[in-house]
Amino acid sequence: MPTQSHRIYTQNELEDLSKAELIALVQKLQKLPAEADPTPNKREATLQVLVEQADDFVCAIDLQSRVLTINHSYRTYVKNHYGVDLNIGDQAFGYLKPEQQSYWAHLITKVSKGETIKKEILSTRNPQNYWQFTFSPLYDSDRQIIGISYFARDISKLKLSEQSLQLQTQELAKVQANFTTLINNTDDFICSLDLDFRILIINNAYQNFIQNKYNVRIAIGDIIFDKLPQNLRGLWSHLSHKALKGQKINKILQSTSDPNIFWEISINPIYSVDKDIIGLSFFIKNIGELVKNEQALRQLSQELAEKEANLSALIENTHDLICSVDAQYRLITANSAYLNYIQRRYNHHLQKGEYMFSQSSAEIEHYWLPIYNRALAGEAFKMERHYLIDNQDVWLEHSFNPIREKDGKVSGISFFMKDITLDKQKEAIMRENYQQLQKINAELDRFVYSVSHDLRAPLASILGLIEISRAETQLESRDNYLNLMQKSVKKLDSFIRDIIDFSRNARLEVNRDKIVFADLLPEILAELHYLPETQYLQITYHIHQPFDFQSDSKRIQVVLQNLLSNAIRYSDKFKDQPYIHIRIETSPQEAYIVIEDNGQGIGQAHLDKIFEMFYRASTHTSGSGLGLYIVKETMHKLQGSIEVKSELGKGSSFILKIPGLPIIYNKEV
Ligand code: ADP
């Protein structure tokens with residue numbers, strides 16, 4: 001039975017053979033001894049067909065490199081790439097460059113000595129083309145080398161896949177290196193196990209942790225639970241078995257040794273391409289800090305809420321009006337005091353988010369908007385405003401403050417309204433006190449000056465008169481001197497009285513007595529009767545007092561005394577009928593008194609000064625200049641008023657209005 005290699009293939013059978021099978025067949029045939037072939041011609045024919053069919057290049061040359069056989073593929077290649085028709089008998093490498101020829105010659109020499117050479121040769125024409133050459137010696141029947149056969153196969157694709165395999169391997173190594181670096185760079189614990197819980201991958205952090213904590217070294221290949229302390233094995237093996245059944249385990253566990261440490265544990269099954277579970281992955285993360293931060297955050301927000309509550313309690317507890325608005329003048333927050341104020345003033349309950357002036361008149365809106373805008377432009381300021389609320393004077397202080405965002409942009413306004421009415425009242429009293437004090441100081445200055453002059457002048461003249469009268473022997477003259485002395489003493493006395501009146505008025509509280517002018521006035525006139533001018537004066541009075549009238553009788557007496565004494569002293573004896581007319585009319589509320597004379601009168605230039613301390617409007621007066629000042633001060637105490645009408649040479653009228661009590665008088669300061 002012929003062997004397979006001796007089989008004769010039909011054309012069709014040959015075409016069905018794979019390339020590898022063809023090559024194997026050719027190689028077998030080459031080695032077959034000629035005599036073993038029962039049908040040499042057929043063998044030849046078969047070989048010929050095989051060679052012609054092959055995609056690989058097949059060629060045989062003699063020892064002189066002449067072509068003995070060349071197949072179609074080879075010939076076509078040479079024709080296409082070198083433009084040369086390579087035929088039997090031609091120099092097989094004649095078309096190549098000299099250096100290539102010598103390369104081939106070198107190879108041929110080697111093979112012709114019996115060597116079989118396999119070589120991968122890179123195409124000089126196309127650097128991506130790899131050829132695999134197999135050179136074998138050709139023997140004749142005497143085993144003599146008569147030539148060389150060679151096959152060339154294009155292995156570019158093979159090479160390419162080889163290269164890409166190499167690249168992939170390198171890439172894989174890199175990825176592996178990266179992976180190792182990655183898992184070793186984290187503080188989290190990472191490991192993977194196979195189905196027997198044998199460690200496949202474990203990172204340094206995990207290894208170190210186990211080492212430090214349990215003094216055990218775990219490494220790849222170890223069964224992890226064997227290395228854990230007894231008390232932990234149960235839990236871990238339980239969780240791992242669950243994961244092996246396909247469950248994803250995600251758990252937060254508190255450390256048994258340190259209550260501040262929490263572990264976040266993820267155990268996941270690892271699936272094969274076929275979706276079978278082939279192992280487990282462990283990720284263990286220390287979230288102690290996270291939990292701590294979370295706790296701190298919770299505490300912070302609690303504190304914030306408390307603060308907010310405190311703040312709103314504070315805002316609510318004050319009588320001040322507090323509110324804030326956004327940049328569109330809409331209410332953000334307001335305390336009850338503010339809302340109540342708006343309710344009272346505008347009979348409107350202002351809502352959060354409502355336009356602040358939705359209920360106000362255009363006038364009010366017009367007044368406040370520019371003020372709001374100042375604050376919205378970034379200005380912080382205060383202003384005071386007067387209101388009449390329930391018919392009472394109320395002063396409010398408004399403070400405006402811009403509300404700023406983190407970036408400094410003004411997003412709204414907060415404003416406070418404080419009732420400063422009491423402060424204002426105190427301020428007014430203080431101002432009044434201060435003015436009073438200034439006045440008193442000025443008066444004191446003038447007083448000291450005048451007293452020194454007015455007291456010393458009469459004393460000096462008395463002393464002088466005493467000296468003269470000592471030397472005087474005549475009784476008549478002495479009498480004259482005594483009269484002059486008496487005049488000086490009277491002047492002194494009247495001055496001292498004035499001062500006493502003045503000081504009384506300033507110091508003593510206002511009294512309240514029932515005043516009957518019909519009794520009071522004649523008494524005063526009687527006291528003034530010693531004045532010489534009364535001899536020619538016609539003094540008349542008209543009193544109309546239908547009701548009781550209450551005031552300070554002593555003070556009214558001082559006022560009337562001074563005015564009447566002036567009217568008498570500054571009367572004009574050259575008038576046809578010098579007179580003084582007194583008219584008094586009272587109601588319970590007021591006494592209206594007019595003292596009119598046709599005396600010397602007062603020049604216009606003096607009129608507004610006669611009420612000043614020590615002011616004298618005429619040179620020939622014996623007065624101290626205190627009288628009208630005392631009148632004015634006393635009237636002030638009585639909360640009344642005085643007015644004067646006078647014309648020089650014609651006469652004067654003094655008009656008094658004295659309010660009747662009850663009136664709450666201020667305490668003396
Ligand atoms: P005196 O002690 O000088 O009278 P008064 O303060 O009482 O001081 O009056 C101030 C001045 O006003 C007087 O000096 C006088 O010139 C003028 N005077 C006051 N009363 C009258 C009056 N009835 N007729 C004219 N002049 C008057």
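Select tyrosine 95 to begin. Leaving aside neighbours within four places in sequence, tyrosine 95 is in contact (heavy atoms within 4.5 Å) with Tyr74, Val78, Tyr82, Val84 and Leu86. The model is predicted: local features need pLDDT of at least 70 and side-chain atom pairs count only at pLDDT 80 or more, while totals for chains, interfaces and linings use all residues. Residues are numbered from 1 along each chain as its sequence is written, and side-chain values use heavy atoms, with hydrogens and water left out.

Next, display the helices, which are DSSP runs of H or I with at least four residues, numbered from the N terminus. Tyrosine 95 sits in the loop between helix H4 (72–82) and helix H5 (98–112).

Now colour the protein by domain, with bounds from an automatic or database domain assignment. The divisions are domain 1 (11–154), domain 2 (186–286), domain 3 (318–419), domain 4 (420–507) and domain 5 (508–669). Keep domain 4 and domain 5 in view; their centres, taken over C-alpha atoms, are 20 Å apart. Across this boundary, 17 residues of domain 4 are in contact with 20 residues of domain 5. The two domains bury about 1700 Å² between them, 54% of it on carbon and sulfur atoms; buried area is the accessible area (1.4 Å probe) lost on putting two parts together, summed over both.

Look then at the polar contacts, pairs of N or O atoms within 3.5 Å. A polar side-chain atom of tyrosine 570 lies 2.8 Å from a ligand oxygen atom, and one of aspartate 597 lies 3.0 Å from a ligand nitrogen atom. A polar backbone atom of leucine 628 is 2.9 Å from an oxygen atom of the ligand.

Note on methods. A polar contact is a pair of N or O atoms within 3.5 Å; within protein, one must be able to donate a hydrogen and the other to accept it, and residues adjacent in sequence count only if both atoms are side-chain atoms. Helices (H or I, at least four residues) and strands (E, at least two) are DSSP runs, numbered from the N terminus.
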